[in-house]
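Subject: Structure for you to look at

Hello,

Here is the structure I promised to pass on. Please open it and keep it in view while you read my notes.

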Amino acid sequence: MQVGNTRNIIGWMLSALPVLALLTSAFKKFTATPEYKAKLEFIDHIPLPVLAVISLLCVVLYLIPKTSNLGFFLMCSYFGGVIAGELVMGEFPLVGIVMSVCLYVGTLLKKPELSGLGI
């Protein structure tokens, strides 16, 4: 299915938000301050740099055209973990939900074949 130029541009703009969020999150995890570590104290069994590498891997796979489908599904799973983490911290998972919606809508605008709806 041929995707229109406007639809593709909007898809990339929406997809850029979660990509930038994961890159920022990875940078924060690599350069974690004690306050940031205290905020994420429920993650005591996995080091923060490992989470940073995982998020960077998701972004790289998403941005490479041949592996973008795999990257999309990995980023969806990662943002599911973000939502779960926000709930564990006692917060409303607004950031995780907004980033997930931007990722889903942006990717499905760029690659409508992933939806299975033929839209």
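Contacts between residues 24 or more positions apart make up 62% of the contacts in the chain with a separation of 6 or more. Please note that this is a predicted model. The values below are computed from it.

**The chain as a whole**

The chain holds 5 helices and 0 strands. Read from the N terminus, the order of elements is α-α-α-α-α. The C-alpha trace spans about 50 × 25 × 20 Å along its principal axes. Of the 119 residues in the chain, 33% are buried.

Now look at N5. This residue sits in helix α1. Is N5 buried or exposed? N5 is exposed, because its relative accessible area is 59% and the cut-off for exposed is over 50%. Next, find K110. N5 and K110 are 105 residues apart along the chain, yet their C-alpha atoms are separated by 9.4 Å.

Start with α1. This helix has 26 residues. From first C-alpha to last, α1 reaches 37 Å, close to the 38 Å expected at 1.5 Å a residue. Its buried residues are G11, S15, P18, V19, L22, S25, A26 and K29. An α-helix has 3.6 residues a turn, so residues three or four places apart point the same way. What do the buried residues of α1 pack against? They pack against α2, α3, α4 and α5.

Go on to α3, which covers residues 48–63. Its 16 residues should span 22 Å at 1.5 Å a residue. The end C-alpha atoms of α3 are 23 Å apart, so the two values agree. Buried in α3 are L48, L51, A52, S55, C58, V59, L61 and Y62. These residues pack against α1 (5–30), α2 (34–39), α4 (68–88) and α5 (94–110).

Then take α4. With 21 residues at 1.5 Å a residue, α4 should span 30 Å. Its end C-alpha atoms are 30 Å apart, which agrees. The buried residues of α4 are S68, G71, F72, M75, C76, Y78, F79, G85 and E86. What covers them includes α1, α3 and α5. After α4 comes G90, which has a positive phi, near 85°.

**The aromatic rings**

How many aromatic pairs does the structure hold? There are 3 aromatic pairs. One of them joins F72 and F73, with ring centres 5.0 Å apart. The planes of F72 and F73 meet at 65°, so this pair is edge-to-face; the cut-off for that label is over 60 degrees.

F72 is buried, with a relative accessible area of 5%. F73 is partly exposed, at 45% relative accessible area.

F72 also pairs with Y104. Here the rings are 6.1 Å centre to centre, with 75° between the planes, and the pair is edge-to-face. F72 lies in helix α4 and Y104 in helix α5, so the pair ties together parts that are 32 residues apart in sequence. Y104 counts as partly exposed, with 37% relative accessibility. Taken together, ring pairs link F72, F73 and Y104 into a cluster.

**The largest pocket**

Finally, the largest pocket. Its volume is about 690 Å³. The lining has 26 residues, and those closest to the centre of the pocket are S25, K29, Y36, L40 and V82. Which elements give two or more residues to the lining? They are α1, α2, α3, α4 and α5. The largest share comes from α4, with 7 residues. Sorted by class, the lining has 15 nonpolar, 6 polar and 5 charged residues.

**Where to begin**

Please find F72 in the viewer to start. F72 is buried in α4. From there, trace the ring cluster to F73 and Y104. Then turn to α4 and its 7 residues in the pocket lining.

Best wishes

How values were computed
Residues numbered from 1 in each chain as written. Predicted model: local features only at pLDDT ≥ 70, side-chain atom pairs only at ≥ 80, totals over all residues. Heavy atoms only, no water. Helix = DSSP H or I, 4+ residues; strand = E, 2+ residues; numbered from the N terminus. Expected span 1.5 Å × (residues − 1). Buried < 20%, exposed > 50% of the residue type's maximum accessible area, 1.4 Å probe, protein only. Contact = heavy atoms within 4.5 Å. 1 Å grid on protein atoms, 1.4 Å probe; cavity = no way out; pocket = protein on both sides within 12 Å on 5 of 7 lines; lining within 4 Å. Points joined across faces, edges and corners; volume = space filled by probe spheres on them. Nonpolar A, V, L, I, M, F, W, Y, C, P; charged D, E, K, R; others polar. Phe/Tyr/Trp six-rings, centres within 6.5 Å; stacked < 30°, edge-to-face > 60°.
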